[in-house]
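Please consider the model shown here.

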Amino acid sequence: MVDLTKYRNIGIFAHVDAGKTTTTERILKLTGKIHKLGEVHDGAATTDFMEQEQERGITIQSAATSCTWDDHRMNIIDTPGHVDFTIEVYRSLKVLDGGIGVFCGSGGVEPQSETNWRYANESKVARVIFVNKLDRIGADFYRVVDQIEKVLAANPLVMTLPIGIEDDFVGVVDLLTRKAWVWDASGDPTKYDIQEPPADMADLIEKWRQKLIETAVEQDDDIMERYLEEKEPSVDEIKFCIRKGTIALDFFPTYCGSAFKNKGVQPVLNAVVDYLPDPTEVTPQPEIDLEGNETGNVAIVDPDKPLRALAFKIMDDRFGALTFIRIYSGFIEKGTSVLNTFTGKTERIGRIVEMHADSREELSRAQAGDIVAVIGMKNVKTGHTLCDPKIPATLEPMVFPDPVISMAVAPKDKGAAEKMGIALGKMIAEDPSFRVETDEDSGETILKGMGELHLDIKVDILKRTHGVEVSVGKPQVAYRETITKRVEDVYVHKKQTGGAGQFAKIDYVLEPGEVGSGFEFESKVTGGNVPREFWPAVQKGFVKNMVRGVLAGFPCLDFKVTLMDGAYHPVDSSAIAYELAAGAAYRQSMPKAGPQLMEPIMRVDVYTPDDHVGDVIGDLNRRRGMIKSQEAGATGVRIKAECPLSDMFGYIGDLRTITSGRGQFSMEFAHYMACPKNVADEVIKETLARNK
């Protein structure tokens, strides 16, 4: 029997370029999982195994690997930092028990760090913090700690202090033991001495150690009482308090170092073992019924309980489809059958493998607390629950955002059309934030995603991984339509073709809804003029038609329909007649209700050196951007703004030109907003011309 208290399921997440993948490499080296270090900038990192990742030096998909430290087993997921792949972070956090938040020592709390931190808060994941790159010019550990407090509203519990900074960074002081870890210049992470800290740091060490103890002892009344009586708690007692507070998310143990220079990673690994929860210490996953309501039952982490597992990632490779699953309770064995509660069908467990990036190790069985991949599952998608067929239950599924950008693709030759269809099917299964539709009017294949880079990578994968050459159209924005006026109207649907006819009359009100309300339907019919059983048909008629707005055919949102009255015929009225009436009523009344085009507004976070701030703000204003705030840092300025997506295409190239290649930005969807008339007229004209 495996001891679950020795398990740690952790993720490593941060902003682009904060050093997540490099930190993962160092962890794998220290735990003996790899013997030669691979560097991200050389395209040789273990967890960046896609060609696109190696070329661009960024992580695109989360990679899973396992290793051992201090007789504890760690399942580690290295996640992407780029905002277009946030979905990978979100779904990884969903199945993890703890995490390491990596921050850049000079960049500090960067845009994507905030998004990832928010996701981790929503998923209630305990974290330790690693302030990396302290060997960099402009690095300042204390400034980053301050930013974590102010920007993330988090409570960092400083556990180590840096000895030296930038080129003089040689090691760290462990505040609990008051000992210095000093690495030599060889670059070997195992070559270090534990010695007395520099004398000139004595006051600083005592100040931060006192702060650490005062924060920690609040977790236990007895220890706190003794501390107030000036009896200092033992190191084990302080560790007990830190573990309790970390799991409760009251604070986050904070470490420092330079992963690239191999300094400061061991204390982080010790912290994962000492302070992050094992699978039995986190809040159990709630079980839900078919309607999505919680049943009150939870998946208790115990191999002897019925099987409950969540598929959180599908990956297609040369051996077939891999389904990554987190087992919450029970166990799975090779050759047994499990029930997929989403499809209602059973699936056979073929091969179970433990992943190490893109290599694997065969297993015959896996149990509660494990993160493994299963080969050969046919109909399992991300977010599906696998369970014991005799005792079925569903775990809370994942919710994915809607795409905001689309582009048309076409295979370059006829033979590639079928190949493209198969490839796109596999890619949709792998990435729930990627959608594919066929335009009914033009027959074009439309790819939809979270940003330019997202779709760019997808086209690249089509070309290289699946060998499908495609020609690509211009990226298109996902506009929406809404209404601005209240309209009272009547529609009568009559059809007589011999025998029973069709009859439905509806009196209704169409009115604008609150922003973000979607579609609402209400019936105020009294006296049975429209029988109650036909109300859903009226609602269905409107819902079916709202996917095409009257201005340019974009989906319509944020409006309310109230059924006021109507009439029916005892013989000729039917659900289909009312549904058709509602569809025609939508087309009749929408043009009268002041239809308006809505455009997606993006939350843009730009980092620029001081001497280019004016140019960057001027450029954002030219793109119809609203500047929300400016924050000066040690090495530059962060500008937060809201900009229409349509004006942000190609922004990274322009930003690099303005800032001599030193600017960075991240962008995520914020909300929809009414389009200015001149922009709306242009979009409608273009869209109608394209759809002819």
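Phe103, Trp117 and Phe252 form one aromatic cluster; rings of Phe, Tyr and Trp (its six-membered ring) pair if their centres lie within 6.5 Å, planes under 30 degrees apart counting as stacked, over 60 as edge-to-face and the rest as tilted. The model is a predicted one, in which local features need pLDDT of at least 70, side-chain atom pairs count only at pLDDT 80 or more, and totals for chains, interfaces and linings use all residues. Residues are numbered from 1 along each chain as its sequence is written, and side-chain values use heavy atoms, leaving out hydrogens and water.

In total, the structure holds 13 aromatic pairs. In one of them, the rings of Tyr142 and Trp208 have centres 5.8 Å apart and planes at 35 degrees, so the pair is tilted. Tyr142 belongs to helix 5 and Trp208 to helix 6, 66 residues apart; helices (H or I, at least four residues) and strands (E, at least two) are DSSP runs, numbered from the N terminus. Trp208 counts as buried at 11% relative accessibility, whereas Tyr142, at 28%, is partly exposed. Buried means under 20% relative accessible area, exposed over 50%, and partly exposed in between (1.4 Å probe, protein chains only).

Other buried residues of helix 6 include Ile205, Leu212 and Val217. Their cover includes helix 5, helix 7 (221-228) and helix 8 (235-247).

Tyr508 lies in strand 32 and Phe542 in helix 12. Tyr508 is buried, with a relative accessible area of 1%, and Phe542 is buried at 0%.

Four strands form this open sheet, in the order 31-32-34-33 with mixed pairing; two strands pair if DSSP finds at least two bridges between them. Strand 31 (487-495) and strand 33 (519-523) are the edge strands, each pairing on one side only. Strand 33 runs parallel to strand 34 (residues 559-567), joined to it by five bridges. Within strand 34, Val561 stands opposite Phe521. Helix 12 (residues 535-545) packs on the sheet, touching strand 32 (502-512), strand 33 and strand 34, where contact means heavy atoms within 4.5 Å.

Finally, the largest nonpolar core has 72 residues, of which Met74, Ile100 and Ile242 touch the most other members. Such a core is a set of buried Ala, Val, Leu, Ile, Met, Phe, Trp, Tyr and Cys residues joined through side-chain atoms within 4.5 Å. Helix 9 (residues 265-275) gives the largest share of this core, seven residues.

Note on methods:
Axes are lines fitted to C-alpha atoms, for helices over the stretch in contact, and angles run from 0 to 180 degrees between N-to-C directions.
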